[in-house]
Amino acid sequence: MKKIIIGITGSIAIYKTCDLISQLKKKNYDIEVIMTENATRFINPLTFGSLIGKPVFTDDFDETGYQIKHIHIVENASCFIIVPATANIIAKIANGIADDPVSSAFLAATCPKIIAPAMNVHMYENTATQKNIEICRSYHIHFIEPAVGHLACGYEGKGHLAPLEDILEYIEYVTSEHPLKGKHVLVSAGPTQEALDPVRYITNHSSGKMGYAIAVAARNWGAHVTLISGPTNLKKPFGVDVIDVISANDMFERIKDFMDFQDYIIMSAAVGDYRPVSYSHHKIKKKDHEMVIQVEKNPDILAYLGQHKNRQTICGFAMETENVIDNARKKFTEKNCDLIVVNDLFEDGAGFQNDTNKVALITKHFVDYLHLMSKEELAYRIIDKLIKIKGE
Ligand code: CTP
């Protein structure tokens, strides 16, 4: 169980920390909470104590027990995050001041550290605060930038606590092992769109969720990740270079630009096999008779990668509706892959728009049938398999 220290300071955004802690509990972290005196004026420590099921550290000079609490509490922690962080706590940290439970424990901690600020826009943009943030960054402290919006003080601007999902993602990143440190991973995701005219295109139902989950997992494991993404509604993950493309040809060109220096290439995009032979620059008007759209083949990107690979370990996907394993094996051989992830579109919980997937992993000699799992969990399983195939 990974141990996380949550430092809480006196900002109105503190109410969001309750939800954050409850979500972290569900992810099975061992959580310790430390509050400044001002934070306890907003919310009673009892709230956080009830959420984590143990006492909250609020007093450096508490005489119960003879451990030096701010030293002891941070031992073996995987991460220390201050959320919400006021301008005051950032200034103290930048200057090594340790005069309250949060700043003393933060100074004593040697684990990765994160600060998630929340304050009035003018306080945030003040040169002093910005300088202090710069100083903290130079100490390798991560910052999760506040968002722009309507602030509790009545102002509009930057100062909102970052969305909880971003904070959770950041915590997952810093608390992960980094077996892919120094490695380059290229992931393709989403559908492609093949335009017919300025208003119509041919596409498929891919949501991009699987590819995005793989990009996030590779980033969490320390890789430098490039994500070549067809059109999706998904949020761009932080710390990943996202390159937007539309058509299969765009995707092919961008992948060729990046392929040479990759260690792993994962083709999870649902690349359209065909595109219209011609593109009409004006909207095609409806006719009284039937209309035929003539299409031509798109490049098979995965096959190209298989033919031109040198050091890259290559993973393809296959979505089948019949003869699932046989068809996937054929793709494995014909496209010269190191791994094929195959799913049966008709399996419950598998396929395009779901948050789960049920797949088999096909390597040269084995078929590994995996149970139904979230796309996030599967992403780690796929990367783990690729690391093993590469023999790292
Ligand atoms: N793929 C690709 N370029 C294409 C089509 C597919 O790179 N033009 C990749 C996909 O990203 C996936 C794998 O090939 O990793 C298999 O895709 P799939 O659509 O299942 O197979 P196809 O080769 O297109 O064969 P079919 O549609 O006949 O099953």
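1. Lys-331 places a polar side-chain atom 2.8 Å from an oxygen atom of the ligand, where a polar contact is a pair of N or O atoms within 3.5 Å and, within protein, one atom must be able to donate a hydrogen and the other to accept it, residues adjacent in sequence counting only if both atoms are side-chain atoms. The model is a predicted one, in which local features need pLDDT of at least 70 and side-chain atom pairs count only at pLDDT 80 or more, while totals for chains, interfaces and linings use all residues. Residues are numbered from 1 along each chain as its sequence is written, and side-chain values use heavy atoms, with hydrogens and water left out.

2. The backbone also reaches the ligand: a backbone N or O atom of Ala-269 lies 2.7 Å from a ligand oxygen atom, and a polar backbone atom of Phe-317 is 2.8 Å from an oxygen atom of the ligand. In total, 15 residues surround the ligand, the closest being Met-267, Ala-269, Leu-302, Phe-317 and Lys-335; a residue is counted here if one of its heavy atoms lies within 4 Å of the molecule.

3. Turning to helix packing, the axes of α10 (residues 209–220) and α14 (residues 375–390) come within 8 Å and cross at roughly 60 degrees, which makes α10 oblique to α14. Angles under 35 degrees count as roughly parallel, over 145 as roughly antiparallel, 65 to 115 as roughly perpendicular and the rest as oblique; axes are lines fitted to C-alpha atoms, for helices over the stretch in contact, with angles running from 0 to 180 degrees between N-to-C directions. Helices are DSSP runs (H or I, at least four residues), numbered from the N terminus.

4. The contact of α10 with α14 (heavy atoms within 4.5 Å) involves residues including Met-210, Ile-214 and Ala-217 of α10 and Leu-378, Tyr-380 and Ile-382 of α14. By class, this contact has 10 nonpolar, one polar and three charged residues, with Ala, Val, Leu, Ile, Met, Phe, Trp, Tyr, Cys and Pro counted as nonpolar, Asp, Glu, Lys and Arg as charged, and the others, Gly among them, as polar.

5. Helices α11 (residues 248–259) and α12 (residues 301–308) pack at an angle of about 20 degrees, with their axes 10 Å apart, so α11 is roughly parallel to α12. Among the residues that meet are Phe-252 and Ile-255 in α11 and Tyr-304 and Leu-305 in α12, and the contact divides into eight nonpolar, one polar and one charged residues.

Terms used
Helix = DSSP H or I, 4+ residues; strand = E, 2+ residues; numbered from the N terminus.
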